[in-house]
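Subject: Structure handover

Hello,

Here is the structure we spoke about. Please look it over first, then read the notes below.

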Amino acid sequence: AAFFFCIMIVKVEDSYMLPAIEPGSRVIAVRTHLPADIGVEPEVNVGDLVVYKAPYYEIDCEGTYVVRRVSGIKDGMVEVSCDTDSVSSEKVILSKEKILGKVVYHG
């Protein structure tokens, strides 16, 4: 028997998503890449919070799971950014395949 987890729980370590999400909070995300027989993948839209694995060049959070807000989508690429004003100009562009989950709850 094989098990596939459709949700992920991620602890937010940084303060880049303030005021929406406090450091130390946990979010629940639905995975965006599901096997065909599991169900329908959630659609990611501008304004959604998403989870992705930080690339090697993001020194502060390399290899960790990061929560960011989708600020743009074009040609299969997703632009994500922080909510905090002090770093609002910091944007990352990822292929849709790099998005691991869509946040459905944060508290």
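Start with Ser25. Ser25 sits in the loop that joins strand E1 (7-11) to strand E2 (26-31). Strands here are DSSP runs of E, at least two residues long, numbered from the N terminus.

Before going on, two notes on the source. This is a predicted model, where local features need pLDDT of at least 70, side-chain atom pairs count only at pLDDT 80 or more, and totals for chains, interfaces and linings use all residues. Residues are numbered from 1 along each chain as its sequence is written, and side-chain values use heavy atoms, with hydrogens and water left out.

**Ser25**

Is Ser25 buried or exposed? Ser25 is buried, because its relative accessible area is 12% (buried means under 20%, exposed over 50%, partly exposed in between, with a 1.4 Å probe and protein chains only). Its side chain reaches the backbone oxygen of Glu22 at 2.9 Å. Leaving out residues up to four places away in sequence, Ser25 touches Val10, Lys11, Val12 and Gly107 (contact means heavy atoms within 4.5 Å).

**Cysteines**

How many disulfides are there? The count is 0, with a disulfide taken as a pair of cysteine sulfur atoms within 2.5 Å. Cys6 is partly exposed, at 27% relative accessibility. Cys82 is buried, at 7%.

**Ile93**

Ile93 belongs to strand E6 (residues 91-95). Ile93 is exposed, with a relative accessible area of 55%. Leaving out residues up to four places away in sequence, Ile93 touches Met77, Val78 and Glu79. Ile93 and Ser81 are 12 residues apart in sequence, and 8.9 Å separates their C-alpha atoms in space.

**The cavity**

Rolling a probe the size of a water molecule over the atoms shows where empty space is left. A search of the whole structure turns up 1 cavity of 30 Å³ or more. A cavity is a set of points on a 1 Å grid over the protein atoms alone, where a 1.4 Å probe fits but cannot get out. The largest cavity has a volume of about 30 Å³, counted as the space filled by probe spheres set on the points, which are joined across faces, edges and corners.

Which residues line the largest cavity? They are Tyr52, Arg68, Val80, Ser81, Cys82, Glu90, Lys91 and Val92 (lining residues have an atom within 4 Å of a point). Strand E5 (77-81) and E6 each supply at least two of the lining residues. The lining divides into 4 nonpolar, 1 polar and 3 charged residues.

Best wishes

Definitions and conventions:
Helix = DSSP H or I, 4+ residues; strand = E, 2+ residues; numbered from the N terminus. Polar contact = N/O pair within 3.5 Å; in protein donor to acceptor, adjacent residues only side chain to side chain. 1 Å grid on protein atoms, 1.4 Å probe; cavity = no way out; pocket = protein on both sides within 12 Å on 5 of 7 lines; lining within 4 Å. Nonpolar A, V, L, I, M, F, W, Y, C, P; charged D, E, K, R; others polar.
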